[in-house]
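Subject: Structure handover and notes

Dear colleague,

Please find the structure below, followed by my notes on what turned up in it.

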Amino acid sequence: EAPGNFSRVTKFILLGFSDRRELQVLFFTFFFLIYTMVLLGNLLIIVTVRTETKLSSPMYFLLCHLSFIDMCCSSVTSPRMLVDLLSQRKTIAFEACIAQLFFLHFVGASEMFLLTVMAYDRYAAICKPLHYTAIMSRRVCWALVSACWAGGFLHSIVHTLLIVQLPFCGPNTINNYFCDVPLVIQLACTDLNRPKQLIASNSGLISVGCFLWLVISYIFILVTIRVRYTEGYWKAFSTCASHVTVVTLFFGPCILIYLYPSSTFTSNKHICMIYTVFSPLLNPLIYSLRNKEMKESMWKWWKRCRV
């Protein structure tokens, strides 16, 4: 029993995208294709890096982990969304909602931290070339990746403990296709000022801090290339610009949603699509297919598989 004379909510209703059957079938086809491309694209990167010995540098080691996280991030929300698109009643148990929320923030925060590590790796490689092998040794890489996962877990467990302690006795309708902190806490039967402050200080500030670190790292990289090298600046600028564009698409929605968890912001499903659906698809395209060495390795692996 929740505080008062109200019974505790045992399940939530996810409104999804549309109630119209024909639109649901269209959405299912579209998102199923995207999810399949996310899995295949990131799996191809992982297999290529693992099988090609020349892709043993820290950059590819980190890229392999980014692909794994992207697969996990998309798998937390997409399968449930696809099932609901073909279901008449889109309900999710309270425990399943909390689990989805936990794993989404676990892998999402881990990806934020990993992207900052990847930016630091590129900064060390370009701005500190003589010390790069010592700065980014294999032991250091494993330590940084482990720290990313640990940071993601600590970030997520704070949100999860916050949610499970709140009383839910009123409405149980979530205007989204998955459970997320800002919309779930709005259904709690209690004062929400302190929970919202915790969300802003936890998720919001982490998003802003990681994004600023990324941008500053790329600025240092561009300045270093401009000063030290006479050629290749515009190619490096194009690469950095594409990376910044992708991370902006990932961090921008997170900053908007979690830094300002306003009660009047009743639906963010279209914004959430950017970092839960499209960002895991763009990462392999930008970080891999623009890389000549990666493309050559993929082609070699593909030819070996056909033999």
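Helix α3 supplies five residues to the lining of the largest cavity, which is the largest share; helices here (H or I, at least four residues) are DSSP runs, numbered from the N terminus. This is a predicted model, in which local features need pLDDT of at least 70 and side-chain atom pairs count only at pLDDT 80 or more, while totals for chains, interfaces and linings use all residues. Residues are numbered from 1 along each chain as its sequence is written, and side-chain values use heavy atoms, with hydrogens and water left out.

To stay with the cavities, a cavity is a set of points, on a 1 Å grid over the protein atoms alone, where a 1.4 Å probe fits but cannot get out, and its lining residues have an atom within 4 Å of a point. Grid points are joined across faces, edges and corners, and the volume is the space filled by probe spheres set on the points. The structure holds two cavities of 30 Å³ or more, and the largest of them contains about 130 Å³ of space. Its lining is made up of 13 residues, and those that lie nearest the centre are His 105, Gly 108, Ala 109, Met 112 and Tyr 258. At least two lining residues come from each of α3 (94-127), α7 (193-228) and α8 (233-259). Sorted by class, the lining of the largest cavity has eight nonpolar residues, five polar ones and no charged ones, where Ala, Val, Leu, Ile, Met, Phe, Trp, Tyr, Cys and Pro count as nonpolar, Asp, Glu, Lys and Arg as charged, and the others, Gly among them, as polar.

The second largest cavity holds about 40 Å³ of space, and the residues that line it are Leu 14, Gly 16, Phe 17, Met 81, Asp 84, Leu 85, Lys 90 and Tyr 177. Here the largest share of the lining, three residues, belongs to α2, and by class the lining divides into five nonpolar residues, one polar and two charged.

Asp 84 and Arg 80 are four residues apart in helix α2 (residues 58-85), so about one helical turn separates them. Asp 84 is buried, at a relative accessible area of 6%, whereas Arg 80, at 27%, is partly exposed; buried means under 20% relative accessible area, exposed over 50%, and partly exposed in between (1.4 Å probe, protein chains only).

The other salt bridge joins Asp 121 to Arg 122, whose closest N and O atoms are 3.0 Å apart. Asp 121 counts as buried at 1% relative accessibility, while Arg 122 counts as partly exposed at 23%. Tyr 132, found in helix α4 (residues 132-135), is in contact with both Asp 121 and Arg 122, and also with Pro 58, Met 59, Ala 124 and Ala 125, leaving aside its neighbours within four places in sequence; contact means heavy atoms within 4.5 Å.

In helix α5 (residues 138-164) you will find His 159, which is buried with a relative accessible area of 0%. The side chain of His 159 makes a polar contact with the side chain of Ser 203, at 2.5 Å; a polar contact is a pair of N or O atoms within 3.5 Å, where within protein one must be able to donate a hydrogen and the other to accept it, and residues adjacent in sequence count only if both atoms are side-chain atoms. Apart from neighbours within four places in sequence, His 159 is in contact with Leu 101, His 105, Val 181, Ile 199, Asn 202 and Ser 203.

With kind regards

Key. Salt bridge = Lys/Arg side-chain N within 4 Å of Asp/Glu carboxyl O. 1 Å grid on protein atoms, 1.4 Å probe; cavity = no way out; pocket = protein on both sides within 12 Å on 5 of 7 lines; lining within 4 Å.
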